[in-house]
Each structure stands twice: as C-alpha cells, then as structure tokens.
Amino acid sequence: MDTQELPQIKLARHHHLNQLNTVVALGGGHGLGRLLSALPFLKERLTGIVATTDNGGSTGRIRSQQGVIAWGDLRNCLNQIIVKPTVASRLFEYRFGGTGELGGHNLGNLILTALENMQIRPLEGINLVRDLLHVRSKLIPMSETPVHLIAQLQCGTKVLGEVQIDALAETPHHLELDTPVLGTPEAISAIQEAELILLGPGSFFTSIMPNLLVSDIAQAIHQSQAKVIFIDNIGQEHGPAGNLSLNQRIEWIENCIGQTRINGVITTDDEQSELPAHIQTLRKNLSADDVYYRHDRNKLSKAIDELIQNL
C-alpha cells in the first residue's frame, strides 16, 4: 500500500469528528480524562472544561489549608492526555509516601497550588504545565473561584462536599454550589464557539453536574448552536447516583441546560430504557478489554463519530 494513503485512512476513521473545528467536553477527572485521551487527533480543537469542587485526598487537604480551587481533576486529566510520557510527566504525577505532612500529596497538585499562591491565574498555571508536558488539547477549570458542592436531601438537610455526597445512602433532592461563581471566561467562549459538546462519562453528581451548576456555563450550553451528547457510564455507579435511571440523569441535566437540549446519548448495549423522542440513542458495548467498566478509547471515539452522523 502506498504510504501516502495512510493519513487519508486515519482521517476516514473519524470522518465526522475531523470536520469539526471546536469540540468541548465537560466533566471531572477519571471520566473526562478518558474521553479526552480518546480524541487526541483533535489536538487544539478539543477543550476540556473540568469540575473544581473536589474535596477529597490530597486535593481536599490542600483546599482546607490553602483555600484554593480543586486541582485534582485537572491534574488527572493532564496526566491521562499525555501523548508521550516523559520524566516531566512522571514528576508531575509523583505522589509522596510516608505518614508525614507530605505523605499522600501529589506533586502536581502542589505545583499548581504554588503557582496560584504566586498570584498566577489558575488557567495560566495550567497552560504552563500543558507546555511543559507537551499537551495540545486545552484544559480549563469550570471556575477560577474556590467553590464546594452541596446536596440537599428530601428532609431538607444539606450535605457539604463531594466526598460526603458520594457517601450518601439516598439520592439528593437538589444540588447547588455553596456560593455563586462565574465560569472561567475562556470556558464560556469555548462553549459559545463549540460545534459539539460532550457531557460525561464520570461520576454523575460530583463530576458532571458541578459544571452545569455554574449558571453562565449552563446558559452558554443552552444558547449554543452545538449538538450536545451525553456519554453514559458503562457500569452502575457506586453511591447515590447509581439509583438514577438513564432518563432521570437526562432530566437532571436538562433541568440545568434546558429541556430537549440533549441531542444524543451513547450508552451500553444492555440499556433498554426508552428515551425521549428528541434524543438519538446509540447503544454499544464500549468496554475496554482490561477493565470492563472503563470505555475503550478507540471504540468510544468511533461511537461519537457514528452518532454525529445521525444527528
């Protein structure tokens, strides 16, 4: 085969995605990082908007002491979308051992916190690290103002913090942020310019929903001309969100971004729920061979491309 044909073959594999100039994905650490790493061929045309309400682990300890935004999900996404691992990327992901004050802390979290303490804008700090790690896709915090997630229960009790919400035995009646915050301006601009917006996969209440609770982000999605696709998790989620049906998750999202705003859903081949008529549904087995509850990157990118064709 003539080697000059290879780029054309690669392009044809994601023909519809490759025709897009701006793709925006919103979520949290593990799920969003997996999605972004499935779309590396988009390069600068791909933007991830990352939830900043995490309060667990190293991130939570830093937040309680420094009062900064949550860096953990941003760091996780950066780590997952590194095309070629380097000493710099290994250093950025280094986690201290032991039981002292540094024990359990991630060096990347500390670096990003140090940059913020130096009065460097959070987005500029992320861009510095992106350059260091040769990451071409863009990453933007949902907000540059520290904020926490709150769940209100049916009885009226309010629960503060992602870790505490994920541990709930009952499904929250309502979610909100502990203080109104503005979305990062570049995040709003990316959504306004987007031709495709991807929501999920990831922890529903603590990775996907926080982004949509930022009112100007939700409004930008509502007003955007982009197609909106929700990517469902493969396995049933642990915690309170695991009690929600697919239709209920769609209802939660559209209560924020507008009724009938979701155009398409990618879900598992055994999900048989009948979805609203305005939604195109693609049901496929997208499990990775090594870990069944994670999306296979190649299968996921092909599924997105296939669904775009139907929208």
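The legends below describe views of one predicted protein model.

**View 1. Whole chain and its dimensions.** This is a predicted model in which local features need pLDDT of at least 70, side-chain atom pairs count only at pLDDT 80 or more, and totals for chains, interfaces and linings use all residues. Residues are numbered from 1 along each chain as its sequence is written, and side-chain values use heavy atoms, with hydrogens and water left out. The protein holds 13 helices and 10 strands (DSSP runs, H or I of at least four residues for helices and E of at least two for strands, numbered from the N terminus). Its C-alpha atoms fill a box of roughly 55 × 55 × 35 Å along the principal axes. The radius of gyration is 19 Å, which agrees with the value near 19 Å for a compact globule of 311 residues (taken over C-alpha atoms; the rule is 2.2 Å times the number of residues to the power 0.38).

**View 2. Surface and contacts.** The accessible surface comes to about 14500 Å², and carbon and sulfur atoms account for 49% of that area (Shrake-Rupley method, 1.4 Å probe). Of the 311 residues, 55% count as buried (under 20% relative accessible area; exposed is over 50%, partly exposed in between; 1.4 Å probe, protein chains only). Among contacts between residues at least 6 apart in sequence, 68% join residues at least 24 apart (a contact means heavy atoms within 4.5 Å).

View 3. Mean pLDDT is 92, and 96% of the residues reach 70 or more (pLDDT is the predictor's confidence in each residue, from 0 to 100). Over residues 1–11 the pLDDT is below 50, and this stretch has 3 contacts in the model beyond near neighbours in sequence. Where pLDDT is low, the predicted coordinates should not be read in detail.

**View 4. Aromatic pairs.** The whole structure contains 5 aromatic pairs (rings of Phe, Tyr and Trp, the last by its six-membered ring, with centres within 6.5 Å; planes under 30 degrees apart are stacked, over 60 edge-to-face, the rest tilted). Tyr 292 and Tyr 293 form an edge-to-face pair, with 5.3 Å centre to centre and 90° between the planes. Tyr 292 counts as exposed because its relative accessibility is 59%, whereas Tyr 293, at 48%, is partly exposed. Phe 204, Phe 205, Phe 230 and Trp 252 form one aromatic cluster.

**View 5. Glu 193 on helix H9.** Glu 193 lies in helix H9, residues 185–193. Its relative accessible area is 55%, so Glu 193 is exposed. Glu 193 and Thr 267 are 74 residues apart in sequence and 26 Å apart in space, C-alpha to C-alpha.
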